[in-house]
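Keep the viewer open while reading.

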Amino acid sequence: MMAFIRPRLRKPLGIALAGTVFAGAWALRGGDAWQLSVAMEVTVLVAAITTYVRAGEDSDEGALAGSRADERQKMLSLRSRALGWNFAMIAAFIGITVGVAVQATWSWPFLVILAVTGFAYLLGLSNYGVAEEGTADDTDTGHQAPSPASS
Amino acid sequence: MRNRVREQRTQREMSQAELAAALGVSRQTVISIESGRYLPSLPLAFAIARFFGLTVDKMFDPDEEETGT
C-alpha cells in the first residue's frame, strides 16, 4: 500500500493518521476532553505539515522525513532507533527498580516495556540471521579425505 | 581507510551532487565518504569503483589512514 503513496507524503500522513487516532481517543472520553482533543489534532496537523516541509530539504533529516534515505541515512536512523531502544530499556529498568523499592502499583507498565523490548530483541536476532549459522565447511564429518600429497 | 573518491571526482570536474545523482545516493553521503567518515557498503563501493573505471582496491586503500578533509 505504501508504494501507492508518494515517498514525501508517507511520514506526514503517518503522523497525521496516528495523531488523529490518538486525538479521537481523547474525544471519546467525553466531558471537557474534546477541547484537548481539538488542540491535539491542531498540533498533529502542524507536525505533519512541518514534516512535509522538512521532507523537501536537502539534508539527512529531510531524506529521512521524505522516505528517500540512502544506505548511510538508513544506518543513521537505525542507530538512532537502537539508542532510543537502549534508553527505553534503561528507563524501564529504573522504573521497575524504583517501583519495587517504594512498593508502588504503577510499576507494571515498566515491566511491560522491558518485556516487549526484550522480546523484540530476541525476535530481531531470530529474524536477521542468528539461526542461519549452519555448519562450517571444514567441520569433521568422520570421513577421511585423502591428502593429495599422499597419493 | 583512505579513498580516492574526491580525487577522481575533481579530475572529472564533477560536483558532489552530480556524483551523488549518478550513484543514487545523497550529496551528504558523498561528502561523508570523501571525508572518510563513512565507509560505504560493498555494493556501493563497487558502484563507485565501476563509475570511475577502477577496481575497488584502487579506489579504497585499507592500508592508508584518512588524513582528513
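## Conventions

This is a predicted model: local features need pLDDT of at least 70, side-chain atom pairs count only at pLDDT 80 or more, and totals for chains, interfaces and linings use all residues. Residues are numbered from 1 along each chain as its sequence is written, chains are lettered from A and ligands numbered from 1 in written order, and side-chain values use heavy atoms, without hydrogens and water.

## Salt bridges

A salt bridge is a side-chain nitrogen of Lys or Arg within 4 Å of a carboxyl oxygen of Asp or Glu. Over all chains, the count is 5. One of them joins B:R27 to A:D58, at 2.9 Å from N to O. This pair crosses between chains: B:R27 sits in helix α3 (residues 27-34) of chain B, and A:D58 in the loop between α2 (33-54) and α3 (60-65) of chain A. Helices are DSSP runs of H or I with at least four residues, numbered from the N terminus. B:R27 is partly exposed at 29% relative accessible area. A:D58 is exposed at 51%. Here buried means under 20%, exposed over 50%, and partly exposed in between (1.4 Å probe, protein chains only).

Within chain B, B:R6, B:R9 and B:E34 form a salt-bridge network. B:R6 and B:E34 have their closest N and O atoms 3.7 Å apart. B:R6 lies in helix α1 (residues 5-11) and B:E34 in helix α3 of chain B, so the pair ties together parts 28 residues apart in sequence. For B:E34 and B:R9, the closest N and O atoms are 2.5 Å apart. That pair is 25 residues apart, again linking α3 and α1 of chain B. B:E34 is buried at 3%, and so is B:R9 at 8%. B:R6 is partly exposed at 35%.

## Largest pocket

The largest pocket has a volume of about 310 Å³. A pocket is an open set of points on a 1 Å grid where a 1.4 Å probe fits, with protein on both sides within 12 Å along at least five of seven lines; lining residues have an atom within 4 Å of a point. Its lining includes A:R81, A:W85, A:Y121 and A:G124. α4 and α5 of chain A each supply at least two lining residues. The lining divides into 7 nonpolar, 1 polar and 1 charged.

## Surface patch

A:I90, A:F93, A:I94, A:V98, A:V102 and A:W106 make a nonpolar surface patch, with about 600 Å² of accessible area together. Patch residues have over 30% relative accessible area and no salt bridge, with nonpolar side chains joined within 5 Å. A:W106 lies in the loop between α4 (71-101) and α5 (108-127) of chain A. A:W106 is partly exposed at 43%.

Conventions: Patch = residues over 30% accessible without salt bridge, like charges linked within 9 Å, V, L, I, M, F, W, Y side chains within 5 Å. Areas by Shrake-Rupley, 256 points an atom, 1.4 Å probe, with all protein chains shown as cover. Points joined across faces, edges and corners; volume = space filled by probe spheres on them. Nonpolar A, V, L, I, M, F, W, Y, C, P; charged D, E, K, R; others polar.
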